Every structure is written in C-alpha cells, then in structure tokens.
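Let's take a walk through a protein chain together. Have the sequence and the 3D view open, and follow along as we go.

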Amino acid sequence: MPRGKYVNHKGRNRNFTNPEELEAQRKKDEEEKKWRKTREGESSSEEEDDEDEEEKDSDEESDSDESDDGKAKGAEGVIPIDNPNRVAKKTHKKVTELVEDDKPQLTRREKEQIDKQRAHAAYQKRHAEGKTAQAKADLARLAIIKQHRAEAAARREAEKKEKEAKTKGTNS
C-alpha cells in the first residue's frame, strides 16, 4: 500500500475502456439529448401561452404601478450597472420580420480594396487629362523629344540639300 497522500501511477497496468462501453455511453447521451429537446419543445410552447397571459395581466397592472417602474431597486438607482457577463435573452425573430439590407456588409479589407480601385481610376483619369505631376513630366519629356526629332529632321534635310547641291555643282 502506498504511503503518503498522492498515489504514483508509474509501473501500473493501463486501463482501456472497451468499445462496448463507449458505444453504450454514446447511445445514452443521444437519448438524453432527444429527451431534452422534446422537453424543451413542450416547455417552450407552454411558456409562450404563459407569456401571453402574463402580458395581458401586466398591462392591467402597469396602469396602476407606473410610478414604481421608474425607480430602480438597490444600487442600480445610484450606480449604473452594466454587467458584461450577463447574457441577454435572445429574441427569436420570424423570417418575415427580418429587414434585409439591399447591399451586403463589406469587410474592412474589401472596403479598402474598393477605395484603392476608385483612387487608381481617379488618378488615371487625371493623368490622361495631364493634371498630375507625372503626366506633366511626361508631356515635357515628349515635347523635348519632339523638338530634338524636329531639329534632327531639319539637319538631315539641310545635309541632303547640301549633298544635292554638291553633286549638282560637281556635275555641272
């Protein structure tokens, strides 16, 4: 027999659960879940009936107790209490009551991508109009190139005329 508070498990035989026990446990859990669901379905329909009756009663009572509802009980009247751990009861909405937005909600990345595309399109438009700094530099460079080409063409024409004049002068 081991001495002390804690038992050492080293060197002991291993205990494995057999598959039959596992299967039996799984079936038991499934049956329990089914039972709970049926219980939930029955109780929720009873609760709805009870809520309808309570609403009728509370309407009658609320007329006489309107002054009490304005005051909060305990420290809630003095200190605003907001418990982040408190789970609010979910209200079940019917499909017909849901309001659908015309456009789906976009993620931050999708919004950034759309903004980037719009900015790029606007930049391309301004660039085509010649309003951007890069477009102005390109146009200036093109003007210089056109001027150089025009000068080179004029030089070539002058040289061609000179050659023709020399050839005519030597021939005549």
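**A walk along the chain**

Asp 138 and Arg 141 sit three residues apart in helix H4, so about one helical turn separates them. Their side chains meet in a salt bridge, with N and O 3.1 Å apart. (A salt bridge here is a side-chain nitrogen of Lys or Arg within 4 Å of a carboxyl oxygen of Asp or Glu.) Asp 138 counts as partly exposed because its relative accessibility is 22%, and Arg 141 is partly exposed too, at 47%. For these labels, buried means under 20% relative accessible area, exposed means over 50%, and partly exposed is in between, using a 1.4 Å probe and protein chains only.

Before going on, a word about what you're looking at. This is a predicted model, in which local features need pLDDT of at least 70 and side-chain atom pairs count only at pLDDT 80 or more, while totals for chains, interfaces and linings use all residues. Residues are numbered from 1 along each chain as its sequence is written, and side-chain values use heavy atoms, with hydrogens and water left out.

Now zoom out. The chain has four helices and zero strands, so you can read its elements from the N terminus as α-α-α-α. Helices are DSSP runs of H or I with at least four residues, strands are E runs of at least two, and both are numbered from the N terminus. How much of the chain is buried? Buried residues make up 2% of its 172 residues. The accessible surface comes to about 18,000 Å², and 50% of that belongs to carbon and sulfur atoms. Such areas come from the Shrake-Rupley method with a 1.4 Å probe, and for residues only the protein chains shown count as cover.

Next, find helix H1, residues 19-64. Glu 23 and Arg 26 are three residues apart in H1, which means about one helical turn lies between them. They form a salt bridge whose closest N and O atoms are 2.2 Å apart. Glu 23 is partly exposed at 33% relative accessibility, and Arg 26 is partly exposed at 39%. The chain's count comes to six salt bridges.

Slide along to helix H3 (108-129). H3 has 22 residues and reaches 32 Å from its first C-alpha to its last, close to the 32 Å expected at 1.5 Å a residue. That expected span is 1.5 Å times one less than the number of residues.

The loop between H3 and H4 is worth a stop. Lys 131 lies there, and it is exposed because its relative accessible area is 56%. Lys 131 forms a salt bridge with Glu 129, the closest N and O atoms being 3.3 Å apart. Glu 129 itself is partly exposed, at 45%.

Thr 132 is in this loop as well. Is Thr 132 buried or exposed? At 5% relative accessibility, Thr 132 counts as buried. Which residues does Thr 132 contact, leaving aside neighbours within four places in sequence? They are Tyr 123, Arg 126 and His 127, where contact means heavy atoms within 4.5 Å.
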